[in-house]
Each structure stands twice: as C-alpha cells, then as structure tokens.
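This report covers helix packing and aromatic contacts. The sequence and model come before the text.

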Amino acid sequence: MGSFQSLPDDHQYRTLSQKTGFSLEQIAILHNRFKQLSQNEETLRRDDLKTIQDLESNPIRSQIIEAFFDRRNFQKDGVGSVEEIGFEEFLTVMSYFRAPAHHITEEQREEMRRAKLRFLFNMHDTDNDGTITLEEYRHVVEELLSRSGALGRETAKGIADAAMLEVASISVGPMAPDEFYEGITFEHFLKILKGIEIETTMHIHFLNMDTSVLCK
Amino acid sequence: MELKMFLLVLGLLVGISSPGRAANHGKPPDTYDHELQNQGNYTRATPSKKPFPVLSFNFEHVKVPFEISLWVLLASLMKLGFHLIPRLSSIVPESCLLIVVGLLVGGLMKVVSEVPPVLDSNVFFLYLLPPIILDAGYFLPIRQFTENLGTILMFAVVGTLWNAFFVGGLLYGVCQLEGHKLVNVDLLSCLLFGSIISAVDPVAVLAVFEEIHINELLHILVFGESLLNDAVTVVLYHLFEEYSTVGTITVMDVFLGVVCFLVVSLGGIVVGAIYGILAAFTSRFTSHTRVIEPLFVFVYSYMAYLSAEVFHLSGIMALIACGAVMRPYVEANISHKSHTTIKYFLKMWSSVSDTLIFIFLGVSTVAGPHEWNWTFVVATVIFCLVARVLGVVGLTFVINKFRIVKLTPKDQFIIAYGGLRGAIAFSLVYLLSTEHFPKRNMFLTAIITVIFFTVFVQGMTIRPLVDLLAVKKKQETKRSINEEIHTQFLDHLLTGIEDICGHYGHHHWKDKLNRFNKKYVKKCLIAGERSREPQLIAFYHKMEMKQAIELVESGGGAKLPSALPSTVSMQNIQPKKPPQDRALPQLSKAREQEIRKILRTNLQRTRQRLRSYNRHTLIADPYEDGWNEILIKRKKMMELEKKISQMNNYLTVPAPPPDSPTIARARLASDPQAWGLKSVTESIPTIKVDLASPQSPESVNVVNEFGKKGSQPKGSQLKASEEEEGGLTMKIPSPPKQRKDKTADEDNDKEPQQRLMRCLSDPGPAAEEEDEDEPFLP
C-alpha cells in the first residue's frame, strides 16, 4: 500500500519471502505480473483484474476478484473490503495457494488447512457475520451454475438446500421442528470438507522461471 | 453339509468330463461306420429294416461347446464353493485357490491318462483377456488416474525397461557362469525372457488387490502400471523375437524400437478413442431401442481391441482408451437399466474369465512340457524380486521430486510387493516356438515358478502385511454434495488464480478441455437436453435417483435411506418468514390463469420425458417410472407438511428429499406467496401431476404412510391431507365435499387417467372456482 519504491530492493523481497513463504525468484515473477496487471502503478484495482481475458469465462470470476480485495484475507485482522491493493496484499492472497512443503509437522499441516479453508469460507461468507447462511450458499451454487442458463438457476436452489440439509444433519444432528439452523459456521465448514485434502488440492504451481511474457 | 454335496457334484462333473473324452476317442469310428452303414442301406435300397432309434448317442457334434460349458461351469462352481468355506476365503486369496483347483483337475486328468488342455494363447488373448481389461477400463477412476499419470507412466515404462534389462542381463551372466547346460542360451533369448517376465500382470493385480481394499492412490498406481506396461512388453517382445534368430541388434534397431513403442502406445490409444467416440455417438440414437444398448458398448470395445491387435498395436491400451472415452457420454444417454446391465455383464464376464485363467494356469502346469533347472529358476525368482524393489525405490526417489503428495516408504513397499506376474507372461512364453528357442521349456518352467511364487507367497501375505503396516485403506464414504460443490468451486478458483498469476498451469488446460468438451463434444455425443447439463446438476440427479431407488426398494416410505437426514427438514433451515397475516391473499384471475398454464405445460413436459423411456418389448417398469412419481409425491407431501406446520402444528415430519427439477419447474416460479394458507385447500385448482404410468404398490404405500401421519392431529387437517396427498390426482376442486370421503387409495386407482385427460383437453375450470368460497378452515 504505497510502501514500496518503484525499484523494490532485496531487503523488501526478503521480508516478503519470510512472511509469505515464497522464494525470491517467485516473488520477482509475481511482482512482474503485478506491474503488468496494474500497468506499472503502485496499486491494483478491480478493473485491472477484470481486464484479464481468460478470466472472462470463469463462472465465479467476481468472487475471485472480490477475494483479492477482502481485508480478511490480508492476515491483519481487518474487515471489509478495499478499493485497491498493493503488492504485499497481492502476494499475501497468493500465498494461500502455495503447496505444503515436504517436511512439515502435523501441526503446520493442520494450520495450513485451516488457513486455506478460512480463505474459502471468507469467499462464501460475504456479509462477514461468521456464518454462511442459506441465502449465501444459494448464491454460491447459483454462481457456479450461472453458465448453464435456466436449467441451472432452478436447480441451484434445490442443490443448495440439499447441501445445507446435509451440513445441518452432520454438524448438529437431530433438530426439533421449531429449531432453526442459523448457518454454516467455520467449525462446521471444517467438518464437512474433511474429505477433501485441502492442503494438497488447493494449490497451484508457482514457477521459478518467468513465463508470463507468453500469456495475456 | 453343503460342502459335502458340493464336493460330490464336483466329483461327478469331473467324472463326466473324462468318460466324455474317452467316449470321444472311442466313438467316432463306430458312429461313422454306423452312419455310413445306414446310408449305404438306404442307397442300396435293400431295406434291412432296423427298429427306429428311439435314443441315440451322438456326442461329436456338441463336443466343443459342451466342453467349454463344462469348464465354465466348473470354474463358477469353484468360485461358489470357496465362499462356503468361511475361513479359507479370508486367508487365501481366490486366485491361489483356483490355481490349486486347476492343479488338482490337471492331476486328475493325467491320472485318467487324458491329455489335459493347455491354456491356448489364442484363446487367452482373444477371449479370456478382453473382458477383464474392459471391465477395468470402463470403471477406471479417471480423476485419480490423470492426477497420477506421470507417476504411473514412469513406473510402467521406465520400471519395466529396467526390470527387463536387469533380469535379462543378469540371467545371461548366470548362464554363462553356470556351464554346460546353459551355455548356449544367448543374450537375446535372455533379454526376451526378461522382458516377458518383467511385466506386472493386470489380471493377478486385480485379483489380489480387490480383496485387500487398499487406498485408492496405491491401487491406481499399481493397477495403472500393469495396464500401461503392455505397450512396453509388446514392443520388447516383438523386437527380441524378431532378432533372436539373427542374433544381433544394432543401434538402428533400438531406435526403431523406440519409435515402435510410441507408435504402439499412441496408436492403440487413438484406435480406442475412435471406437469410443463411435460408441458414444451410436448411443445417442438408441432411445427407441433400449434393449440393445449394452451390446453396442461391448461390441465396439471388442472391435477396438481386435483392430489394435491387427496392427500389432497395444490392444490393452486400446480397450482402456475406448472404455474411458465412451463412458461419460454413454452413461448420459442410456437408460438406467442398460447401465445396470452393462455393469453386471462386465463384472460377470471378467469374473468368469479370471476364474478360468487361473484354473487353466493350474492345469497347464501339470500338462505343459517342463524342464527343470535349479540354477536358472532360482536365479530368475531372486532377480525378479531384487529388480522390482530396486526399480521402485529408485524411481520413487526421482518421482517424489515432482509430486506434491509424496510416496512414503510404506507406499513404496506395497507398490514393490504388489508387482505380481500372471497369465499374460505365461501365454507369451507359450507362443514361442521351440525351434527358435531351444530352451523354451525351461523358460516355461521358470515363468510358472515365478508366477506361483508371486501369486501364492506375495498374494497370501500381502493382506496381513497391509494390516501390519497400517496402510491406509479405501474409504467407503459416499461422496457428499458439499464435497462435490466445493470440488467444482476449487477447480474454477484455481483456474482463476492461475489466470491471474499469468501462467498456464494444468488447471488452465483442464479447464480449456472441459470447455471444449462442453461446447462441442457433448453436443454431438449426448442426446437431447442432457448435453447441456452441467456436472454438478448431473451429480445431483444421480444422488436423487439413488435415494429414490433406495426408498422404493426399502419398502416405500417406512424406512428412509440413511443418506437422507431424517431429523432435519426444510423448515429448520428456511429463514423464518414474517408472521403471516391472517388476511389471505386473494389471487387475481389473471394470475390464476397463468398458474394453470404453467402447471399444464410442465405436466406435458413431464409426461413426454417419461414417455421417452418406454421400451417396446418390456412393460413400463415401476422402478424406472415409479421413482419419479414417488419423488413428485414426496415433494408435494413436503409442501403440504410445511404448510401444515406453519399452521402451528408440531408434527415431526420426516425430512423431505430435495427438490427435483421436475418439481421445481412444476412449482410456481412466480410468487410463492400465492400459495398462502388458504390456497392449499381450494381456491386454486390443486393440480398435481399424475403420471399416467402403472402405480407400483410401493408408491401407494408411501402415500398411505404419509397420509396416516398427516391425518393424525386435527379433523380439518385430516381433510386437507387426504385431499392433498390423494395420490396426485388431477382433481378439480369443484366437488370438494365428495372427495372428503374418498380415501387416498381410491384416488390413486380410480380416475387418474380421466382426470389427466380432462386437464389436458379442457382449458380449465375457469368458471367453477369462483364458486369455491367455502372457507375450508373453521
């Protein structure tokens, strides 16, 4: 957020590397990409990300872009969203997608899993009340099926309802008719996604060599 | 008791088959003479009249099918028998038992001084192997396979090459050192032998791994390797066989060999893919001839195999490619019954093949010409084991640098230990001719020993070892809809992040492939509306269908399937609506017209959808059509329950299943408030969908169950429930009083057809419902 000079030096890279876990080469490459996207400015805006062509066909595009501007993902205990981000925030969000290192302890693995699932949770919980309500979940499923036309929209509601029922039954168990299940809390979210090994599935391969010149 | 009877039957069978054969040898001359004589009699026209043969014996012309059937019967009875002996099947894997049986039968035949049949390589490769491979290929878990493809290829190609040269080379060394008996075994023969024996056998792997339920990663690694190493084996085998006569191999030959390998493997895959696409395309048009759908799957796959074999391409890879390519499209097109048929036929054939192969292996051991040589055989066994272990360890070291989920030493051990050899190696050796390979019998003996060793020793001990090492087992959990949603979500998320990062990783390409698939391929290969169905919705429908079928099969309604949370219902998660004002919303006429129109069109659409599943020769199946009906009924039930509970009724209701699209469409999209408290009862014609298909008894039960529950508390609600859940009949609410007395059953059975007809033909009781002002609720 404006704390970098136009020629970032090694020291700043090193602090970033320590904070996010990327290697120095990876940070350099990502910085190049950042400059490319922001047209050499200090900060990145939503519109800059919207210019990426490949992102056009992605059904959850807006949610992905929103995740970059969500203060909760900056690991600084903030809430709300911002209009523009600097390279540090960009890198912080990217660090959620790093793969676990080979020799890490069980605790570190668990911590990484929680961090990644927290990122996903924040993506769904748009009003930041700590739970994913039925409406928010419906919205998620609708977005996922948004490219399927009318057929998708109608079943989205049914699918979201079914999913919610499942979460409720797994997390809470038997409920009396007048009890109300508020929404999916983070703990419940962890429980239902136990089957997916998040720390190994939610990652992308960050290169050590710069190939971004080849892509749009 | 059962066991004794079983053994008796078995003995009889074997007994029959022997005299059957003896009769063969004895009979032909007699019968021929007899027939000639008869003919001679007739032509000579001197009728020395014999009494008309009431009963005659002519075994010759049914000999071949008879024997085949007898063997298949024997194999199946064996399989049956093993499960009667409780403890045995848990200690010894089936393949071992079958080989032992084969040994016994072979021994028995030898005692009776019959020539036991040997496993003919032609029969093996053309008839016994394809069903097993097709079964494996059709049900291949694509996601795990592609995720681990790099690892699998490394093991299959590099591992097999390493094994072949290591074993072949060392054996040559041993032969040279040994002296007099073995010195004339040249290098090429040894290399050929090495290449044959180094290939992990899919049949044996499947047979053993199926019983130990190991985790999916290891299963796909070993199994994938056994499938993909076929190309390597084919190339090496032909290469060494061609040049063993000449005696030397030049660099040019090696280079051509490499090219040949690429051609063989890629060619096989291409051939398989072409046939797969043809099959998928054909299945698009089978909506009127559902009965022969499975036939297309089987025949196209078999053609793929045979076509690949014509050109000496890898038939196994063709078969795998064919099955894997056609499956997503074919499954979207075929009926549920055909799907079940395909599954069961494949499992049945592969099971029979598998059994026959192992039995024949046992019989051939007794039969085949043997030449025992201690040094050679023992050396072979030791070198095979050592080569496997070294190969796995070395390759894993390299592979782990590229994998995210590393392979632990435990995994490596299982992979090395699971490298079983089997009948393919045996058949390949059998194909060798004795002139070119004077030591072929010795090879045969050695291979049989290795096979026996791996199948018996490794096969039997792998299960306790898996338990001992606490290797992760297969998880039996069903895939939940939340996981499916999030898997899809993650796919899109990761693709998006890759795009933002600016490099084209494998998520990007996967996404591109998916989009290409959706845009072009699916439109060509999948019939009708399903071509546009996104994966999430397809999964959801499948889940619903499974639940509905479970419901029907569990006796209809009394016991809900376990997947369905029976303790949480829609009202628990629906946000509380603001308290209803008692002024019931009046519906305008226009709105009602609209509602009626929507419902009618949806009804027609639903009927058409179901009609398309009618088969000419089979009666409409209650399971196929009825489940849809049941789902719809249940949705209506759920709506009703919801409304009743909103009337301050503390009835605990079983949770309704989620809405199916049929219902979602049939429900009012316009304004849910229109279905206020009163509307349940009468002012809107309560048109429900009655599918004009034969009511299955289960469906009636469902209705009754809910009818009873819903009708418990209050008298007025009783009428509401009876009316409402009156089996989805199309009724015009004009005579509600009369209907009050009728029971649900009557509604179901009596007038569905007429009412349906009436709904479709007449424009609707526009005038009548105005009369309906009688307040239904007191």
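In this predicted model, helix H5 (residues 121–138) of chain B packs against helix H14 (residues 336–367) of chain B at an angle of about 135 degrees, and their axes are 8 Å apart. H5(B) and H14(B) are therefore oblique to each other, and their crossing is left-handed. Residues of H5(B) in the contact (heavy atoms within 4.5 Å) include Phe124(B), Tyr127(B) and Tyr138(B), and those of H14(B) include Trp349(B) and Ile357(B).

Rings of Phe, Tyr and Trp (its six-membered ring) pair if their centres lie within 6.5 Å; planes under 30 degrees apart count as stacked, over 60 as edge-to-face and the rest as tilted. The count is 28 aromatic pairs over all chains. Phe376(B) and Phe443(B) are stacked, because their ring centres are 5.8 Å apart and their planes are at 20 degrees. Phe376(B) lies in helix H15 (residues 374–399) of chain B and Phe443(B) in helix H18 (residues 440–469) of chain B, 67 residues apart. Phe376(B) is buried at 0% relative accessibility, and Phe443(B) is buried at 2%.

| Charge | Ring | Distance to ring centre |
|---|---|---|
| Arg46(A) | Phe69(A) | 4.7 Å |
| Arg440(B) | Tyr430(B) | 4.8 Å |

Buried means under 20% relative accessible area, exposed over 50%, partly exposed in between (1.4 Å probe, protein chains only).

Residues are numbered from 1 along each chain as its sequence is written, and chains are lettered from A in the order in which they are written. Local features need pLDDT of at least 70, side-chain atom pairs count only at pLDDT 80 or more, and side-chain values use heavy atoms, without hydrogens and water.

Terms used:
Helices (H or I, at least four residues) and strands (E, at least two) are DSSP runs, numbered from the N terminus. A charge sits over a ring if NZ of Lys or CZ of Arg is within 6 Å of the ring centre and within 35 degrees of the ring normal. Axes are lines fitted to C-alpha atoms, for helices over the stretch in contact, and angles run from 0 to 180 degrees between N-to-C directions. Angles under 35 degrees count as roughly parallel, over 145 as roughly antiparallel, 65 to 115 as roughly perpendicular and the rest as oblique. A crossing is left-handed if the near helix is turned anticlockwise from the far one by less than a right angle, and right-handed if clockwise.
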